[in-house]
Amino acid sequence: MAFRKIFTQHIQKKTCHTMAFYKKHGGYEQAKAALSKRKKPDALIDLVKASNLRGRGGAGFPTGVKWGFVPKATDKPKYLVVNADESEPGTFKDRLIMEKCPHLLLEGILICCKAVGIETAYIYIRGEFVFATERLQKAIDEAYDEGFLGNNALGSGQRIDVTVHRGAGAYICGEETGMLTSLEGDRGNPKLKPPFPAIEGVFGCPTVVNNVETLANLPYILEIGADAYRAIGPENSPGPKLFCVSGHVENPGTFELPMGVPLRTLIDKHAGGVWKGRKLKAVIPGGSSAHVLTADECDVAMDIESLAAAGTMLGSAGVIVMDETTCMVDAMLNVMRFYHHESCGQCTPCREGTGWLAKITHRIAHGEGRMEDLDLIQDVCDRMVGKTICALADAAAFPAESIVKKFKSDFESAIQNGGSPAWKKRHPSVVGGTASHA
Amino acid sequence: MADTLSFSPTTMKQYEWLLTRYPTRRAALLPTLRLAESEFGEIGVPEMRYVADLMEIPPAFVFGVVTFYTHYRRAGTGKYHIQVCSTLSCALRGSEDVVTRITERLGIVPGETTDCGLFSLSKVECLGSCDTAPMLQMNDDYHEDLSIDDVDQLIEQLRESAKGGSN
């Protein structure tokens, strides 16, 4: 079967975000079928399990299995919280879905609500996405007007309400328990699991948390069936996928391709290759939380298993490309500063660890580093990974330990020669490792 | 001062609608702060107190929530808040040059506001627009694929708008 784009086939059309356009192209037909009284919720869960659809937010958990954890016999309301807090550096795919095909997401939400027996869904969108919020709200208003949402969604007799909930600038709210705490009106501090959200999530009730792109896959799975879906890319992590490519490439952008596309093809063919005719130095394949790859390690397929086997992860599929002129000390300083800024501060290993990683990298970049700092970075990382409530500490430690290990000579050079090239360029009067200020 | 603040009837209606969307009142806090932000122009201590009183939530709790997040428009922010994305993908494509240019043109460094109160400059973390790096957010709007000329033009446009008294 030829590969069919489900997210980006119409995005050049000016009205692609409207209800009229979406309906004209077969929109809401799958939700109508799913919400019909004859369709059993369990059959939908089984179908999604059989499709091997895996979460597109970063963790790659099987979606149908996650739905199956929600208790059937409960007197509590159940909730769906859509993770639209896209804030992993290098990632900009959910924004495209919400701006260009918001109804595809809403149709996915309807299908999930039927499958799990949910009446209330929230779309937690990052506060900075003002335009995407407007587009989503408009689409929701259209869906209410048509009777697709509301007390009798699509004439099914089931109530399904959808509310857009704006975040306010906090990376940690993309972590599912942090997101739920934030949705409850609190500081977005993550919570220890278990209990998992499926059992005790938002407002103390069973909650499904799914990423935007994950839900937007559902209408297509219902349309073509689990077997055909599984045949798109590798069987264990199949499907159409949005890959984000940024950094030093000629043509940065979002590319919809089958899961498992070779990383080299993605960079060289789709993103136009490394810019300015330069050579490739490093790639972060799955958002800045992923282990970095050297140019020699880039012959790898972009799917969950292949990247795990290569010692990194697909994550959010945010591919950040760095050319041969990049100083990896500066790149690491940028990433460490990010995690230090975004740590919620609850857990000491993360609050202090991200701070130390940023400080140590800062002093190496600024000409005050010591050779022992390289071991110290690894030591700090060892004290962070797996020792905190959520994975933000891991997300800082993974790039840190891999960048230092794989690009050690950049660090040694900065330590021996009075700082990183970029810093020395900005401070030409400071010679050697004698700088006394930060 | 807190006594003088109050939502207009239209905003109050939006607030009451918000309360119908959540099973708890407190869950409406973040969106209510957004209402306060657009009604009063910024979130300072008086605005936090007003929201706390309105929602019957302790003021200290509201303060704790507001200060956890970076995106509420805090007291003292200039009319035009220029937020330059400085995370890796933008940094690789010249975000530092964008910041430097703005500093040259406006005479403020990140974290500062011009004396006239017109411009504030911030360096912010990833805005989810890495394919159009370098980029910035000015109030609600994204300005993408920036060249130094684009930065100059944006500043000129904003100065003109300020003179004309419109946004």
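The answer that follows treats the contact between the chains, then a helix pair, then the other chain.

Analyst: The model is a predicted one, and every value below is computed from it.

The contact between the chains draws on 43 residues from chain A and 32 residues from chain B. On the chain B side, three helices each supply at least two residues: helix H2 (29-40), helix H4 (59-68) and helix H5 (88-92). Sorted by class, the side of chain B that touches chain A contains 17 nonpolar, nine polar and six charged residues.

Two packed helices are described by the angle between their axes and the distance between the axes. For helix H6 (residues 95-106) of chain B and helix H7 (residues 148-164) of chain B, the angle is about 35° and the axes lie 10 Å apart. The crossing of H6(B) with H7(B) is right-handed. From H6(B), the contact is made by Asp97(B), Val98(B), Arg101(B), Ile102(B), Arg105(B) and Leu106(B). H7(B) contributes Ile148(B), Val151(B), Asp152(B) and Ile155(B). By class, the contact of H6(B) with H7(B) comprises six nonpolar and four charged residues, with no polar residue.

The domain assignment divides chain A into domain 1 (19-230), domain 2 (240-321) and domain 3 (328-426). The centres of domain 1 of chain A and domain 2 of chain A, taken over C-alpha atoms, are 27 Å apart. In the contact of these two domains, domain 1 of chain A provides twelve residues and domain 2 of chain A provides 16 residues. The side of domain 1 of chain A that touches domain 2 of chain A has three nonpolar, five polar and four charged residues.

As to overall form, the C-alpha atoms of chain A occupy a box of roughly 75 × 45 × 35 Å along the principal axes. Chain A has a radius of gyration of 23 Å, which agrees with a compact globule, because such a globule of 438 residues would have a value near 22 Å. Of the 438 residues of chain A, 57% count as buried. Among the contacts in chain A with a separation of 6 or more, 71% join residues 24 or more positions apart.

Notes: Residues numbered from 1 in each chain as written. Chains lettered and ligands numbered in written order. Predicted model: local features only at pLDDT ≥ 70, side-chain atom pairs only at ≥ 80, totals over all residues. Contact = placed C-beta atoms within 7 Å. Helix = DSSP H or I, 4+ residues; strand = E, 2+ residues; numbered from the N terminus. Nonpolar A, V, L, I, M, F, W, Y, C, P; charged D, E, K, R; others polar. Domains from an automatic or database assignment. Axes fitted to C-alpha atoms, helices over the stretch in contact; angles between N-to-C directions. Left-handed = near helix turned anticlockwise from the far one by under 90°. Rg over C-alpha atoms; globule rule 2.2 N^0.38 Å. Buried ≥ 20, exposed ≤ 12 C-beta atoms within 10 Å, placed from the backbone.
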